[in-house]
Amino acid sequence: MSHGLGVALRELRHVAGAFAAIRRPRAETDRRTLAGLRAMLALARADVPYYADSRYDLPLDRLADLAAFPILDKRTVLAAGVTRFHAPGLRESDYRVDRTSGTTGQVLEVRHDVAAYGYHGATVFRRFILSGYRPWWRIAHIKPFPRPLRWFQRLGLFPRVVVGAGQGDEKILRGVLEVRPHLVMGYPVVLRGLLRVASPADVARLRRTLRMVMTDSELLTEEVRDLLATGFGVPVLDEYSAYEVLTVSTQCRAGAMHVDEDRVRLEIVGDDGVPVPDGEEGSVVVTHFRERAMPLIRYRLGDRAAIVPGACRCGNRFARMRLTAGRSDDYVTFPGGHRVYTATFLSLAMYTPGVAESMVRQDAGGTITVRLVTDPGHDFDAVAAEYRRRLSAQLGAPADVRFERADRVTLTPGGKGRFVESAYRPEP
């Protein structure tokens, strides 16, 4: 059997398993998750240097026992040394490498073993098919970097053209229109930019073929979803992922974000690291239990979310989650210690007349700068004054911020639109 045929057959088996997984009873899903976690923990204890530590010499007899283990984050991994998390003896062909976006200047290189990456690909295929996508639909994928051509794409399936995200909005729009896409994928900040520069004729041309929009990498609020759905005239489906653990959850046609429970164990925890009740907001902690090349046990992604209780009418039995205020480290701190998270600024950008986009940055000294992109025909000073008034109303006090005129919101090195960035961390 040729190598290529072997890869194709293995991936098809993964696909069959991925579709079967979403129909399993809760007890069976939990049993498989616990087995995956225990196998990963056994390997980590035996082979991975970082986990040769008494803190990881704990029983894991129930899923609830996972909460007793320490929580990791990017800073912890970098401080300990990334190589201490690498399984020894692997060849370069045994794993794939992803790099986190490095918004704070800290870039983390993550290894994913081939088997884990392969199964992840099956869950991505599951997402597409369950969304209503058809394998022959053309895809315009707005990304800051090219994507490799897969074997099935060489057969004409999932045809994708990557449109560079680093270009101006006009050039991105031209590139998307040239694809004549059935599906457009991209960051919400870029997609909003397309709608801002598109003429009625451009929108009409796009709608001739467009059937769906998929978003990723940013908090997608209901307001932004409605804006994109109305502007593009098609359903908008979101995905939540991170380079460290790959996809965490994907949105179904009923609107729910289903956790990929056949790959990851999701916990929503409070400040003490203890899981909170379903429906309550907390920090996202994820364990990718299929991972073997670089296990990350209880890895905090830095986002805020809640588990949504109950069953979904789409038939997918995996748990549902809801992102709430964006990244838990995406906030600025006003005098008195009051934190304002991403969602507040997204709302201001949506509802303040004349605001097309905004970016908020706080320097190490605490100074807050709001970079505003204004709609054509609006006076910058007037828009800034109204933005300040609304922000002050949210705070219940005058908003001590400065404003800066911008032509477009800057994308961070990883290509993700970040609405809030702060280098200021006051002493507790």
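1. Over which residues does pLDDT stay under 50? That stretch is 411-417, and the model still has 20 contacts beyond four places in sequence for it. Here pLDDT is the predictor's confidence in each residue, from 0 to 100, and contact means heavy atoms within 4.5 Å. Where pLDDT is low, the predicted coordinates should not be read in detail.

2. Some ground rules. This is a predicted model, in which local features need pLDDT of at least 70 and side-chain atom pairs count only at pLDDT 80 or more, while totals for chains, interfaces and linings use all residues. Residues are numbered from 1 along each chain as its sequence is written, and side-chain values use heavy atoms, with hydrogens and water left out.

3. Now the overall picture. The protein averages a pLDDT of 87, and 90% of the residues score at least 70. There are 11 helices and 19 strands; these are DSSP runs numbered from the N terminus, with helices being H or I of at least four residues and strands E of at least two. Of the 428 residues, 52% are buried. Buried means under 20% relative accessible area, exposed means over 50%, and partly exposed is in between (1.4 Å probe, protein chains only). Among contacts between residues at least 6 apart in sequence, 63% join residues at least 24 apart.

4. On to the cores. A nonpolar core is a set of buried Ala, Val, Leu, Ile, Met, Phe, Trp, Tyr and Cys residues joined through side-chain atoms within 4.5 Å. The largest one has 41 residues, and Tyr 51, Leu 266 and Leu 301 have the most contacts inside it. At least two residues of this core come from each of α2 (26-47), β7 (236-242), β9 (257-259), β10 (264-269), β11 (282-288) and β12 (299-308). The largest share, 5 residues, is supplied by α2. Apart from this core lies another, of 26 residues, with Val 163, Val 184, Tyr 187 and Val 213 among them.

5. Tyr 51 deserves a look on screen. If you leave aside its neighbours within four places in sequence, Tyr 51 touches Ala 44, Arg 45, Tyr 56, Leu 72, Phe 85, Pro 295, Leu 296 and Ile 297, all by the contact criterion.

6. Next, helix α6 (residues 169-179). Its buried residues are Asp 169, Ile 172, Leu 173, Gly 175, Val 176, Leu 177 and Val 179. The buried residues of α6 pack against β3 (139-143), β4 (160-164), β5 (183-186), α7 (188-197) and α8.

7. How do α6 and α7 meet, and at what angle? They pack at about 90°, with axes 9 Å apart. Axes are lines fitted to C-alpha atoms, for helices over the stretch in contact, and angles run from 0 to 180 degrees between N-to-C directions. That makes α6 roughly perpendicular to α7; the label covers 65 to 115 degrees, whereas under 35 counts as roughly parallel, over 145 as roughly antiparallel and the rest as oblique. On the α6 side are Asp 169, Glu 170, Ile 172, Leu 173 and Val 176, which meet Val 190, Gly 193, Leu 194, Arg 196 and Val 197 of α7. By class, the residues of this contact are 6 nonpolar, 1 polar and 3 charged. Ala, Val, Leu, Ile, Met, Phe, Trp, Tyr, Cys and Pro count as nonpolar, Asp, Glu, Lys and Arg as charged, and the others, Gly among them, as polar.

8. The other helix pair is α8 (residues 200-207) with α9 (residues 222-232). Their axes come within 9 Å and cross at roughly 85°, so α8 and α9 are roughly perpendicular to each other too. Val 203, Leu 206 and Arg 207 in α8 meet Thr 230, Gly 231 and Phe 232 in α9. This contact has 3 nonpolar, 2 polar and 1 charged residues.

9. Two arginines have backbone angles to check. Most residues other than glycine have a negative phi, and most peptide bonds are trans. Arg 180, in the loop between α6 and β5, has a positive phi of about 50°. Arg 298, in the loop between β11 and β12, has a positive phi of about 55°. Arg 180 is partly exposed at 48% relative accessible area, whereas Arg 298 is buried at 1%.

10. Finally, two loop residues. Thr 209 sits between α8 and β6 (212-215) and counts as buried at 15% relative accessibility. Beyond its neighbours within four places in sequence, Thr 209 is in contact with Arg 138, Arg 180, Pro 181 and His 182. Asp 94 is in the loop between α3 (74-80) and β1 (95-99). The C-alpha atoms of Asp 94 and Val 114 are 5.7 Å apart, although 20 residues separate them along the chain.
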